[in-house]
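Visitor: Please take one part of this model and go through it closely. I would like to know where its residues sit and what lies around them.

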Amino acid sequence: METNKPHAFTLSIDWEDFGQLLGRDRSGVLTAPLPKTIDRQTDIMLEMLNETGKKATFFILGMLAEHRPDLVKKIAAEGHEIGLHGYYHINMRKLDRQQAYDDLYKAKELVTGIIGGPVYGYRAPYFSVDETNLYVLEILAELGLIYDSSIFPLKLKRYGIANFNKEDALYSLPNGKQIVELPLTVAPFRGKDIPIAGGGYIRAFPKFFLNKMFRKLDNDQQNVMLYMHPYEFDTRWIDCSTNYPDKAKYSKAKTFLINLRWNLFRGTIRGKLKSLLKQYEFITCLKKAEYVKSSTHSPTVLGRP
Ligand SMILES: [Zn+2]
């Protein structure tokens, strides 16, 4: 165990387009993203990072990058780390090993081609790496990636692995390769762990509560992995019906309810996040992974289930 383990916050962004995803999931039809929305959201994020002098890690979704390579280049040009969020944003537990490989390979080819350089890390859609498909980690290592940040170290309804190591760590895999896992942050609260570091939680929890929880994690020398999505930074009301193929239209009442769900308290996110960016040291996922890799003498063995 290292005694002088550096601890820092990381801001990770799963760079995807809200309307493109929702439309595809609802109708099965893959459309181009609306042009202005993702531009506006990306600019807000870049401006906030620029203003606070911090660097983030952007996990890029292939099906969006395909339409907007210019924006991926813009993010990279500002010195932020570029990682992968897969190509088609499919729950990885629904794919077999070959299909998972194909999705990741396609995403890697596209994104490395756009930025003209390597990528090192991955975040699975819906945090869909659990004890049933740990081979995804082997695929990542086979593709030359050095870290993954997809595992929730807590069993939640839709994802997570109960009792998984909450610390960043290096693992040796059944295929003889290694991978660093940077798990999502959970925080102790009233005797149990709760998720706290995602956009949905940052939106829902009051600022004083978040400040208290993050202060405690920082005092306990915990690494904190914040994970956000572009739409969460938007200054405009999001309308789920704008980017839909016709056959996917909801009724007016349903549209209203969905919109309410996505927009409620969203305006508070930017202020809360900016305050965290100002208060704490932030480093990229890659920096964390490199540190873990170089300081671990004997990696933990992660077997096949
Ligand atoms: Zn996603």
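Guide: A residue is called buried if 20 or more other C-beta atoms, placed from the backbone, lie within 10 Å of its own, exposed if 12 or fewer do, and partly exposed in between. The model is predicted, so local features need pLDDT of at least 70 and side-chain atom pairs count only at pLDDT 80 or more, while totals for chains, interfaces and linings use all residues. Residues are numbered from 1 along each chain as its sequence is written.

Start at Ser150, which counts as buried because it has 26 C-beta neighbours inside 10 Å. Ser150 sits in the loop between strand 5 (147–148) and strand 6 (169–172); strands (E, at least two residues) and helices (H or I, at least four) are DSSP runs numbered from the N terminus. Leaving out residues up to four places away in sequence, Ser150 touches Tyr122, Arg123, Ala124, Phe127 and Val129, where contact means C-beta atoms, placed from the backbone, within 7 Å. Ile179 is 29 residues from Ser150 along the chain, and their C-alpha atoms are separated by 12 Å.

Phe127 belongs to the loop between strand 4 and helix 6. Phe127 is buried, because 24 other C-beta atoms lie within 10 Å. Most residues other than glycine have a negative phi. Phe127 is not a glycine, yet its phi is positive, about 50 degrees. Tyr126 is also not a glycine and has a positive phi of about 55 degrees. The loop that holds Tyr126 runs between strand 4 (121–122) and helix 6 (135–142). Tyr126 has 16 C-beta neighbours inside 10 Å, so it counts as partly exposed.

Next comes helix 6. Seven of its eight residues are buried, so the rest of the structure largely encloses helix 6. Those buried are Tyr135, Val136, Leu137, Glu138, Ile139, Leu140 and Ala141. Their cover includes helix 5, strand 4, strand 5 and strand 7 (178–181). Just after helix 6 comes Gly144, with a positive phi of about 90 degrees.

Ile60 leads on to helix 4. Beyond its neighbours within four places in sequence, Ile60 is in contact with Trp15, Ala65, Val72, Ile82, Gly83, Leu84, His85 and Val111. Val72 is in helix 4 (residues 69–77), where Leu71, Val72 and Ile75 are buried. Asp70 and Ala77, on the other side of helix 4, are exposed. The buried residues of helix 4 pack against several elements, including helix 2 (35–52), strand 2 (57–60) and helix 5 (97–115). Where helix 4 meets helix 5, Pro69, Val72, Lys73 and Ala76 face Val111, Ile114 and Ile115 in contact. After helix 4 comes Gly79, whose phi is positive, near 90 degrees.

Technical notes: Contact = placed C-beta atoms within 7 Å.
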